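Colleague: I would like to learn how to read the pockets and the ligand site of a model such as this one. Could we go through the features in turn, with the general idea before the case at hand?

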Amino acid sequence: MNVDLRATMRTFATGVTVVTTYVDRPEGRRHDAVTVNSLSSVSLEPPLVAIGLRHASPFLADVLESRVFAVSILDVGAADLAGAFAARRDQRAAALSSLSATPGAATGALVIDSPGWLECVYHQQVAFGDHTLVVGEVVAAGVQERRPPLIFLHGSYHALAQRAVPLLPEAIC
Ligand SMILES: Cc1cc2nc3c(=O)[nH]c(=O)nc-3n(C[C@H](O)[C@H](O)[C@H](O)COP(=O)(O)O)c2cc1C
């Protein structure tokens with residue numbers, strides 16, 4: 001069946017994250033970071049999250065080698081960062097050198113100063129179609145009071161038009 005998945009998924013508003021990992025080489029540790037919006041929370045006990053990456057992604061190869069990654073959830077001021085880490089690896093390297101980030105205590109993967117972050121250890125991978133779903137066990141996590149989240153919708157970055165107000169009197173989960 002000929003379906004236009006992209007056209008429909010463009011109407012699905014998501015947050016935006018930067019996922020980091022690294023590989024150790026004789027010349028030292030090489031960090032990398034990519035922009036990802038396929039983050040999904042897949043289990044609470046144990047705590048597991050999944051990210052979808054292209055099979056051919058060099059970043060995926062690094063994650064499968066290091067077996068660790070960190071996820072930083074971006075705030076509304078970080079659209080430039082999201083753009084920089086959606087570029088090719090050689091271009092990402094320049095953005096990495098000026099990034100405000102510190103190695104996570106649990107994994108060593110870079111954690112960006114952001115509203116929420118997770119440090120993950122490889123749990124499982126499943127190949128589907130042209131992407132690989134990497135499931136990580138969350139071994140450390142944190143939140144901090146920050147600006148509102150960055151939103152990705154209709155192929156571009158957005159800010160919430162007003163402070164997020166719950167539409168129902170009680171939280172759903
Ligand atoms: C908002 C946004 C979200 C993205 N989410 C993903 C994603 O979930 N998975 C993915 O493989 N690429 C995603 N990308 C594209 C990657 O960031 C980009 O292709 C990057 O270059 C991948 O790195 P690599 O292919 O060099 O390893 C996204 C890009 C943008 C702008």
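Colleague: How many residues line the largest pocket, and which of them lie nearest its centre?

Modeller: This is a predicted model, in which local features need pLDDT of at least 70 and side-chain atom pairs count only at pLDDT 80 or more, whereas totals for chains, interfaces and linings use all residues. Residues are numbered from 1 along each chain as its sequence is written, and side-chain values use heavy atoms, with hydrogens and water left out. Rolling a probe the size of a water molecule over the atoms shows where empty space is left. A pocket is an open set of points on a 1 Å grid over the protein atoms alone, where a 1.4 Å probe fits and protein lies on both sides within 12 Å along at least five of seven lines; lining residues have an atom within 4 Å of a point. Here 29 residues line the largest pocket, and Arg-6, Asn-37, Ser-38, Gly-52 and His-131 lie nearest its centre. Helix H1 (5-9), S3, S5, H2 and strand S11 (151-153) each give two or more residues to this lining, with helices (H or I, at least four residues) and strands (E, at least two) taken as DSSP runs.

Colleague: What volume does the largest pocket have?

Modeller: A volume is the space filled by probe spheres set on the grid points, which are joined across faces, edges and corners. For the largest pocket this comes to about 1300 Å³, while the second largest pocket has about 330 Å³. The latter is lined by 19 residues, with Ile-73, Leu-74, Pro-115, Pro-148 and Pro-149 closest to its centre.

Colleague: Which polar side-chain atoms lie 2.6 Å and 2.5 Å from an oxygen atom of the ligand?

Modeller: A polar contact is a pair of N or O atoms within 3.5 Å. One such side-chain atom belongs to Arg-54, at 2.6 Å, and another to Ser-57, at 2.5 Å, while a backbone N or O atom of Phe-59 lies 3.0 Å from a ligand oxygen.

Technical notes: A polar contact is a pair of N or O atoms within 3.5 Å; within protein, one must be able to donate a hydrogen and the other to accept it, and residues adjacent in sequence count only if both atoms are side-chain atoms.
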